[in-house]
Amino acid sequence: MVQFNFTERTIKAKVVYYGPAQSGKTTNLEQIHRLTDPAATNRLISLNTARDRTLFFDLLPFSLGAVSGYDFKIQLYTVPGQVQYNATRRVVLAGADAVVFVADARRSLAKENQAAFENMKVNLLANRLVPEKVPLVFQYNKQDLPDVMPPAEMSKTINPWGRPALGAVAAQGKGVVECFMAVVQDMLAAIAVKYNLKEKGLDPASVPAVVEQAFADVLRRAALAAPAAGATAPPPRAAKVVLSQQTDSLHAAPPSGGPDTGLVSEELLHRSLRSNVELAEALAGIVREMNLGLGAILSHAEALATARDDARERRQAAVGAIRQEATRLKKVVADLGSATDAGTSVPASAPAAAVPSPRAVVPPPPRVAASAASVVSMPAMPRPPRAGGAGDGAGAAGFQALLQDVLGGVRDALRAQDLSVDMRVPATTGLPSCPPVPLREALTGAVAGLVTVAQPGTQLSLRCERKPVLLKGRDGEVKRDFLMLALAHTGGLSMEDQQRVMAGTDPGPLGQATRLFREMGGFVRFAPLPGGAVETRVFLPVA
């Protein structure tokens, strides 16, 4: 699901490469990485079997740069093509904003292509995505091999909607970037139309030209980073991080047992995949930060080495910059695994134009009104996440501590709105039964969204209680317990805004948070309060 940050003007989207086994999905990501990032600033993360076949997924972070004033970031995934990994494919496909279907163009693989296409439609529907509406581009790969089917004949069997289809020889890099550009163009146009981004500076009609220019800039920077003709190329770096699984035990058939055994196995697989995705994203991020930071340190070290003995101020400045950058990298490592935004990083020095300058140091936290339920003062910096589940009810491992961390991460916005915080969450409140990283991310988005719409100079109040909720399903009514977090604020959310948030069509941080809450089995409701205030109620499942 696309994520927006209108404050920082960033768009983050997800593209999934789908197709039969060994059709060239991973090869596409490897070639995109090679052609657009020859300096290997990022890493391609791959979870493979011992036979170098994709087990879980491949992940390649990709930044398209500035698109109509937005920093457009894309995460490229592949799914395992092997038939026995269908549950994995379904989980990786969740939240996809666009799909590239990589087909093997050989006539002997026609049945495998058709079976994979039908499987993709089923898994899209399982993720509440309408196959006919998802941006989709076909790649007819391996055009260099004999017995290749004509494109028109292939489209009759696997392209019933007449979507863009391009030939490719992915192993040689031919047609790979063109296919990627086509799916990005379709995806960005669909996002601009769905979320009405024309008013925010992204006109759907201008998307083709914008994407073409953005890719031209990416490829030009890649050409500059590549070794010049005739020059001695540096030793190749490991641009791909491979994690191998020696056996297929994770995908073995579930043990025989009761009727719910398969569902339990499926849920465990889903959690396992989510954890691996989060780990891969964190690893890719830290690799990029380390590359940028070490480049800055080397730049300053070179300036230090060439400084004259009498240039004392210049030498001191270089030494100070190196220390500052080393401190920032230490904090990047220390914060690995937390859901706080990169904006809390220690600011990096700016040694060269190629090294971006992160945001400033977070100032002290906002004031928190004292109450009987809130006796812990807010920390000066957000703490790293703590282990624990729904049963962990005490002290630092509880829900109150998590909310303290979340509020610490949005202290700048609270100060800008001159908002005070009254937190009436008991320290003994246990955590809901949600994955910790998505939970923190969703809570941060919800609080940030409410802070931006709250009336300046007012108060944001937080309280929580355990509430039973009667849910209606295909099997009738079922009563389940939820942890309700109520956030009371003055002004800002009209009835139309509330309807968009609950319908999942709001592009802002509160809408994104609501979609995350839904993925974790929760939901959001609104309740009017006296004096024009609104209480946003977040219901989170508990064990």
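A salt bridge is counted here where a side-chain nitrogen of Lys or Arg lies within 4 Å of a carboxyl oxygen of Asp or Glu. In this predicted model, the count by this rule comes to 13 salt bridges, and Arg463, Glu465, Lys467, Glu535 and Arg537 are linked in a network of them.

**Salt bridges**

- Within the network that links Arg463, Glu465, Lys467, Glu535 and Arg537, the side chains of Glu465 and Lys467 meet at 4.0 Å, N to O; Glu465 is partly exposed, with a relative accessible area of 32%, and Lys467 is likewise partly exposed, at 29%.
- Arg107 and Asp147 meet through their side chains in a salt bridge of 3.6 Å, N to O; because Arg107 lies in the loop between β6 (98–104) and α3 (110–126), and Asp147 in the loop between β7 (136–141) and α4 (151–158), the pair ties together parts that are 40 residues apart in sequence.
- Arg107 also forms a salt bridge with Glu153, where the closest N and O atoms are 2.8 Å apart; Glu153 is in helix α4, so this pair ties together parts that are 46 residues apart in sequence.
- These residues are partly exposed, with relative accessibilities of 37% for Arg107, 46% for Asp147 and 31% for Glu153.

**Aromatic rings**

- Phe138 and Tyr140 form a tilted aromatic pair, with 6.5 Å from centre to centre and 45° between the planes; Phe138 is buried at a relative accessible area of 0%, and Tyr140 is buried at 1%.
- Phe180 and Phe215 form an edge-to-face pair, because their ring centres are 5.4 Å apart and their planes stand at 90°.
- This second pair links distant parts of the chain, with Phe180 in helix α5 (residues 176–194) and Phe215 in helix α6 (residues 207–225), 35 residues apart; Phe180 counts as buried at 1% relative accessibility, and Phe215 is buried with a relative accessible area of 1%.
- One aromatic cluster is made up of Phe101, Phe117, Phe138, Tyr140 and Trp161.

- Helix α2 (residues 86–93) is largely enclosed by the rest of the structure, because 6 of its 8 residues are buried, namely Ala87, Thr88, Arg89, Val91, Val92 and Leu93; the helix is followed by Gly95, which has a positive phi near 75°.
- Helix α12 (residues 495–503) has Asp497, Gln498 and Val501 among its residues, and these three are buried; seen down the helix axis, the buried residues fall within an arc of 100°, so they line one face of α12.
- The face of α12 turned away from that buried side carries the exposed residues Met495 and Glu496, while the cover over the buried residues includes α13 (509–519), β14 (523–528) and β15 (533–541).
- After α12 comes Gly504, whose phi is positive, near 80°.

**Strands β2 and β5**

- Strand β5 (residues 70–78) is mostly covered, with 7 of its 9 residues buried, and 8 bridges join β5 to strand β2 (residues 10–18), the two running parallel.
- Val16 stands opposite Tyr77 in β5, and the charged end of Lys14 sits over the ring of Tyr77, 4.8 Å from the ring centre.

Technical notes. Residues numbered from 1 in each chain as written. Predicted model: local features only at pLDDT ≥ 70, side-chain atom pairs only at ≥ 80, totals over all residues. Heavy atoms only, no water. Buried < 20%, exposed > 50% of the residue type's maximum accessible area, 1.4 Å probe, protein only. Helix = DSSP H or I, 4+ residues; strand = E, 2+ residues; numbered from the N terminus. Phe/Tyr/Trp six-rings, centres within 6.5 Å; stacked < 30°, edge-to-face > 60°. Lys NZ or Arg CZ within 6 Å of the ring centre and 35° of its normal. Arc of directions from axis to C-beta. Contact = heavy atoms within 4.5 Å. Pairing = 2+ DSSP bridges.
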